[in-house]
Amino acid sequence: SRRLAHQLRAQAALTRDGHRVEVAANIGQVAEVPAAVEAGAEGVGLFRTEFLFLQRTSAPDEDEQYAAYREAARALGGRPLIIRTLDIGGDKPLPYLGVGPEANPFLGVRGLRFCLSNRELFASQLRAIARAAVDAPIRVMFPMVATLEEWREARALWEEAARPFPAARHVEVGLMIEVPSAVLLVRHLAAEAHFFSLGTNDLTQYLFAAERGNEQLAHLSDALHPALLQMVARVTEEAHAQGRWVGICGELAGEALAVPLLVGLGVNELSMSVPSIAAVKQALRACHLGECRALVRQALACGSAAEVRRLLAGEAFEGI
Ligand code: PEP
Ligand code: MG
């Protein structure tokens, strides 16, 4: 039965009616990959590359980054690896790169904004990714995109960095949806991007204007709020209409209680911290797509996160 448990862990998670949702891992270090695979991750949906830059006194150069991305891909043994470009600033200051001080770091020069104003550094990361992608299923993802112009600028810089590596032309380029403006621009973005991943941690923070991690505001930071769920619905509808897939890599993706809703909303991939993988796969296998869609209609009609949570708890109870 231990072997059975291992097989179940490794297998793709299908709902009772055969609908597949991919389960991937969020990592910050290459060394986390083996444990992610052992836990049943079908790939890495979010490699937070800023951790390669933290706790040191200078930025890793192109070769050092290339070695890290290549090793992560190797350890994944052919499973996909989504590399998110440097998401520095906000709660992750980097003294040696001269970020801040700012009055409102979360509204400041963070994520892609920082990279677009530090071209050399950004180019070296993009080149390292392109080199590693030559013989591995690597995808690139930009954080904190707020406008179409930012997306286009980032994609053009990627294309420039990848030009010397024709074998990297297969690389899918996508972006995180974590700023409300990106939700409202999703139709335009979907015409140009291969995929989206919803960063529900930041999207919740910016939607409710409530700093993430501020305990006094925890009651305003529930991603299961119908206001946020409407954003997820909008993104999946517009993305699917143009043949793009949608993942979630915020903490919401690892919440087993939320799984029926995320399935019903049409989310194609859930990426989470490693300890959540087994429970989320189990929750997926208990789902039925048709039932999940009906549940979504009810959840979207709720007026508060508490109401959504009561609805989901009731479902779980009836399921027993
Ligand atoms: C998010 O914002 O939801 C996300 C996944 O990115 P991070 O937590 O690294 O900001
Ligand atoms: Mg984020």
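# Chat about a predicted model

Trainee: How many helices and strands are there in the protein chain?
Mentor: There are 14 helices and 8 strands in the protein chain. Keep in mind that this is a predicted model.

Trainee: And what is its radius of gyration?
Mentor: For the protein chain it is 19 Å. The globule rule gives 20 Å for 320 residues, so the chain is as compact as a globular protein of that length.

Trainee: What box do the C-alpha atoms fill?
Mentor: Roughly 55 × 50 × 35 Å, taken along the principal axes.

Trainee: What percentage of the residues is buried?
Mentor: Buried residues make up 46% of the 320.

Trainee: What about contacts between residues 24 or more positions apart?
Mentor: Take the contacts with a separation of 6 or more. Residues 24 or more positions apart account for 68% of them.

Trainee: New topic. Which residues are around ligand 1?
Mentor: Leu-46, Arg-48, Asp-87, Glu-178, Gly-199, Thr-200, Asn-201, Asp-202, Cys-249 and Gly-250. Two elements give two or more residues to that shell: β2 (44-48) and α9 (200-208).

Trainee: Which element gives the most?
Mentor: Helix α9 does, with 3 residues.

Trainee: How does the shell split by class?
Mentor: The shell around ligand 1 has 2 nonpolar, 4 polar and 4 charged residues.

Trainee: Let's go to β8. Which way do its residues point?
Mentor: Strand β8 covers residues 269-272. Glu-269 and Ser-271 point one way. Leu-270 and Met-272 point the other way.

Trainee: Which strands pair with β8?
Mentor: Strand β1 (residues 22-27) pairs with β8 in the parallel sense, over 4 bridges. Ala-24 stands opposite Ser-271 there. Strand β7 (residues 245-248) also pairs with β8 in the parallel sense, over 2 bridges. In that pairing, Ile-248 has Leu-270 of β8 as its bridge partner.

Trainee: How does the chain get from β7 to β8?
Mentor: Through helix α11 (residues 259-264). That makes a β-α-β crossover, and it is right-handed.

Trainee: Now backbone angles. What is phi of Gln-55 near?
Mentor: Near 55 degrees, a positive value in a residue other than glycine. Most residues other than glycine have a negative phi.

Trainee: Where is Gln-55 found?
Mentor: In the loop between β2 and α3 (62-76).

Trainee: Why does Gln-55 count as exposed?
Mentor: Because 6 other C-beta atoms lie within 10 Å of its own, and the cut-off for exposed is 12 or fewer.

Trainee: Last one, Arg-119. Where does it lie?
Mentor: In helix α5 (residues 119-133).

Trainee: Is Arg-119 buried or exposed, and why?
Mentor: Exposed, because Arg-119 has 10 C-beta neighbours inside 10 Å.

Trainee: And how far is Arg-119 from Leu-157?
Mentor: Arg-119 and Leu-157 are 38 residues apart in sequence. In space they are 8.8 Å apart, C-alpha to C-alpha.

Notes:
Residues are numbered from 1 along each chain as its sequence is written. Chains are lettered from A and ligands numbered from 1 in the order in which they are written. This is a predicted model: local features need pLDDT of at least 70, side-chain atom pairs count only at pLDDT 80 or more; totals for chains, interfaces and linings use all residues. The radius of gyration is taken over C-alpha atoms; the globule rule is 2.2 Å times the number of residues to the power 0.38. A residue is buried if 20 or more other C-beta atoms lie within 10 Å of its own, exposed if 12 or fewer, and partly exposed in between; C-beta atoms are placed from the backbone. Two residues are in contact if their C-beta atoms, placed from the backbone, lie within 7 Å. A residue is near a molecule or strand if its C-beta atom, placed from the backbone, lies within 6 Å of it. Ala, Val, Leu, Ile, Met, Phe, Trp, Tyr, Cys and Pro count as nonpolar, Asp, Glu, Lys and Arg as charged, and the others, Gly among them, as polar. Two strands pair if DSSP finds at least two bridges between them. A crossover is right-handed if, with the strands pointing away from the viewer, the path from the first strand over the helix to the second runs clockwise.
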